[in-house]
Amino acid sequence: MAIAIIPEKSVTVNPLKQSQALGASLAFLGLKGTMPLFHGSQGCTAFAKVVLVRHFREAIPLATTAMTEVTTILGGEENVEQAILTLVEKVQPEIIGLCTTGLTETRGDDMEMFLKDIRERHPELNHLAIIFAPTPDFKGALQDGFAVAVESIVKEIPKAGGIKPEQITVLAGSALTPGDVLEIREIVTAFGLEPIFVPDLGASLDGHLEDGYTPITASGTTLKQLRSLGSSAFTLALGESMLGAAQILEERFGTSYQVFRDLTGLEPVDQFLQKLSLLSGNPVPEKYRRQRRQLQDAMLDTHFYFSSKRVSLALEPDLLWTIVGFLQSMGAEIHNAVTTTRSPLLEILPIKNVTIGDLEDFEKLALGSDLLIGNSNVNTISKRLSIPLYRLGIPIYDRLGNGLFTKVGYRGTIELLFGMGNLFIEQEESSMMNQWSSVINK
């Protein structure tokens with residue numbers, strides 16, 4: 001049981017967390033034909049766009065209501081209305097994901113009233129799905145905004161329908177990369193099930209070339225699929241932050257659900273495959289039995305390098321839970337952990353304590369570690385402390401292939417094992433070389 005520690009600082013120094021609005025926009029990018037719309041200043045949207053473009057190295061569609069000093073004081077309904085009408089005229093989105101920012105949340109704009117009034121004035125918008133996600137960036141973090149967006153999606157879009165026994169809903173949390181979603185899709189469909197991912201980042205941000213340019217998302221979960229969620233026989237919630245959305249689907253349609261907090265490591269993947277086997281009535285395919293044996297061999301090959309290593313982590317709560325469990329299963333020790341926001345997971349983490357803080361806190365706590373795990377902003381700390389860094393989270397702007405990186409399933413776990421294990425080997429070789437140099441110099 002971990003103790004959550006909140007440093008008593010009046011400011012954030014070297015931030016670790018990303019904003020709720022960025023998290024919500026990431027979720028909306030997993031829906032086909034969507035334009036995320038930030039209700040705030042142009043700078044709020046530009047910042048989020050830069051982070052996502054640098055991380056995925058893809059064109060990211062984002063729009064803004066472009067609030068100014070005057071419109072902030074007088075009210076932003078006219079800006080919201082004009083932005084929606086302009087988007088409909090210029091890019092014809094099927095869905096608009098409307099996210100608030102700290103600016104408009106502080107003012108207290110009544111967005112639901114705004115949208116109601118706009119629809120009354122413009123009946124031609126009746127066909128357009130406008131999903132509102134309240135995401136003030138002065139509290140919470142990326143994971144919170146992502147979860148709020150998914151909850152808004154399943155609250156607004158789906159309709160009741162007859163149950164389709166083979167259809168299941170998969171709520172894919174913010175800790176999953178597009179590559180993770182692709183791997184999970186392959187696993188689920190191998191059992192003969194028909195998954196609908198919400199959101200489907202594996203279709204939209206996996207790094208592929210489209211036939212032509214489109215100003216909105218070209219791939220992802222379709223509006224038709226979203227409307228059919230009420231027909232799913234079961235909901236798989238991947239990540240603790242997806243619990244709220246799963247409960248909404250259960251309340252609306254009576255859909256049973258199960259939360260899988262992580263899909264990395266031997267035991268979590270075993271449990272996931274067992275559940276899929278029960279849902280489908282089909283045995284585990286032979287290819288996953290072979291992958292399991294490959295993972296067991298990889299664990300034997302690498303456990304010498306993980307044993308008793310001290311690792312410090314700076315990650316969002318869902319991702320933190322996954323990596324803590326993975327490292328401990330390999331015999332590593334969690335030296336310290338820093339996260340971005342409150343979560344029910346924090347108090348049940350199997351470590352002594354976890355700090356809700358920033359990278360200044362992390363740098364102080366990470367002294368004496370053998371490995372750091374965090375996003376690219378941790379790289380400067382890694383260099384100052386001369387401790388290797390394994391990059392996870394958002395943003396990662398100094399490595400390629402973030403869209404296809406996989407850490408789930410047996411294959412993804414093997415990728416993690418070898419990636420971290422190679423860093424430990426390099427560290428040991430460097431330490432031996434320094435010792436030899438010291439002996440020779442003497």
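Figure 1. At 32% relative accessibility, Asn 14 counts as partly exposed; buried means under 20% relative accessible area, exposed over 50%, and partly exposed in between (1.4 Å probe, protein chains only). The residue lies in the loop between strand S1 (3-5) and helix H1 (20-28), where helices (H or I, at least four residues) and strands (E, at least two) are DSSP runs, numbered from the N terminus. Although Asn 14 is not a glycine, its phi is positive, about 55°. This is a predicted model, in which local features need pLDDT of at least 70 and side-chain atom pairs count only at pLDDT 80 or more, while totals for chains, interfaces and linings use all residues. Residues are numbered from 1 along each chain as its sequence is written, and side-chain values use heavy atoms, with hydrogens and water left out.

**Figure 2. Ser 308, between helix H13 and strand S10.** The loop that holds Ser 308 runs between helix H13 (286-306) and strand S10 (310-314). Ser 308 is not a glycine, yet has a positive phi of about 65°. Its relative accessibility of 46% makes Ser 308 partly exposed.

Figure 3. Pro 199 is found in the loop between strand S7 (194-198) and helix H9 (201-204). Pro 395 is in the loop between strand S14 (389-391) and helix H17 (409-441).

**Figure 4. Cys 44 and Cys 99, without a disulfide.** A search of the whole structure finds zero disulfides, a disulfide being a pair of cysteine sulfur atoms within 2.5 Å. The closest cysteine sulfur to that of Cys 44 belongs to Cys 99 and is 11 Å away, too far for a bond. Cys 99 is in no disulfide, and the nearest cysteine sulfur to its own is that of Cys 44. Cys 44 is partly exposed at 23% relative accessibility, whereas Cys 99 is buried, with a relative accessible area of 0%.

Figure 5. Ser 343 lies in the loop between strand S11 (333-339) and strand S12 (353-356). Not counting residues up to four places away in sequence, Ser 343 touches Gln 143 and Pro 317 (contact means heavy atoms within 4.5 Å).
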